[in-house]
Amino acid sequence: MSESVSTRESLARERVRIVLVGTQHPGNIGAAARAMKTMGLARLVLVAPEKAPDRDTVAMAAGADDLVEAAPVFDTLADAVADCALVLGCTARSRRVQLEQLEPAEGAARALAFAAQGPVALVFGRERTGLDNNELQLCHASIHIPSDPDFSSLNLAAAVQVLSYEVRVAALGGEGGRPAAAAAVVASGEGPAPHQELEGFFAQLAQTLDAIDFHKGRTPDSAMRKLRRLYLRAGLGSAEIRLLRGVLADTQRMAMLAGRTGGEQDSRSD
Ligand code: SAH
């Protein structure tokens, strides 16, 4: 990346979104806001918090409650990241969901590199149960803080602190200048598509696979997870998604025609 430190700092402030999903303790929302503000981040987003921000939130925010007041609240993670160029999910343990796993510094560098193209989201889960598999599937990759495997779960706000710190280091020139991070930004040259375009593509892909009987009685979940991982890794741009959806539309049309012909043959053989 060739941006100056001040440009990267404002990208971090304006474009790097910290998304807290289903937070159970209002105090943690305040502590997360404080962690962000100390590191120059400003965009806090809440998804269906179990309890609304309250006095504990304000107390723990210790002067960062402006971030909480400005935080939009969404019903679902998909809505919260619909316009994002990159979505990274922070997990305390690796799961069966097959996602590329990044170190915090790598994730922060990638987030900042993509921030030049659009909003990016660092997503954090519930205190008790973390992010569920459907939520993780919305992510392009996961970030794991390499904690002790025998005691791997950080307090939510502590995890936000680690990631916010890494974004700041990247903004100040450490990881942000890494060629690998810049190279991760879309090969197509047009910039990454907003997340909702990818989800539209995945929905049509799932319908098409059904239409061509790809799964043959197996459950579609495993194949869809692998296909999601593949296309998410590709860093598709909007024009590329339009092209792929054109291919799918023709595939669906041919499957329908073949179904009709097949139906005629069936009726002939009656
Ligand atoms: N028991 C939960 C832990 C949730 S901790 C679980 O096993 O998933 C709350 C959130 O903090 C997590 O969802 C995650 O977003 C973040 N977090 C905690 N420890 C982390 C770690 N080691 N690496 C990355 N994120 C972590």
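Start by selecting Phe-201, Phe-202 and Tyr-231, which ring pairs link into a cluster. The model is predicted: local features need pLDDT of at least 70, side-chain atom pairs count only at pLDDT 80 or more, and totals for chains, interfaces and linings use all residues. Residues are numbered from 1 along each chain as its sequence is written, and side-chain values use heavy atoms, with hydrogens and water left out.

A search of the whole structure finds two aromatic pairs. Rings of Phe, Tyr and Trp (its six-membered ring) pair if their centres lie within 6.5 Å; planes under 30 degrees apart are stacked, over 60 edge-to-face, the rest tilted. Phe-201 and Phe-202 make a tilted pair, 5.6 Å centre to centre with 45 degrees between the planes. Now show Phe-201 with Tyr-231: their centres are 4.9 Å apart and their planes at 80 degrees, so this pair is edge-to-face. Phe-201 sits in helix α10 (residues 195–211) and Tyr-231 in helix α11, so the pair ties together parts 30 residues apart in sequence. Helices (H or I, at least four residues) and strands (E, at least two) are DSSP runs, numbered from the N terminus.

Phe-201 is buried, at 1% relative accessibility. Buried means under 20% relative accessible area, exposed over 50%, partly exposed in between (1.4 Å probe, protein chains only).

Next, select Leu-236, in the loop between α11 (221–233) and α12 (238–269). Leu-236 is buried, at 10%. Beyond its neighbours within four places in sequence, its contacts include Tyr-231 and Leu-198. Contact means heavy atoms within 4.5 Å.

Finish at His-140, in the loop between α7 (133–137) and β7 (141–143). His-140 touches residues including Leu-198 and Leu-232.
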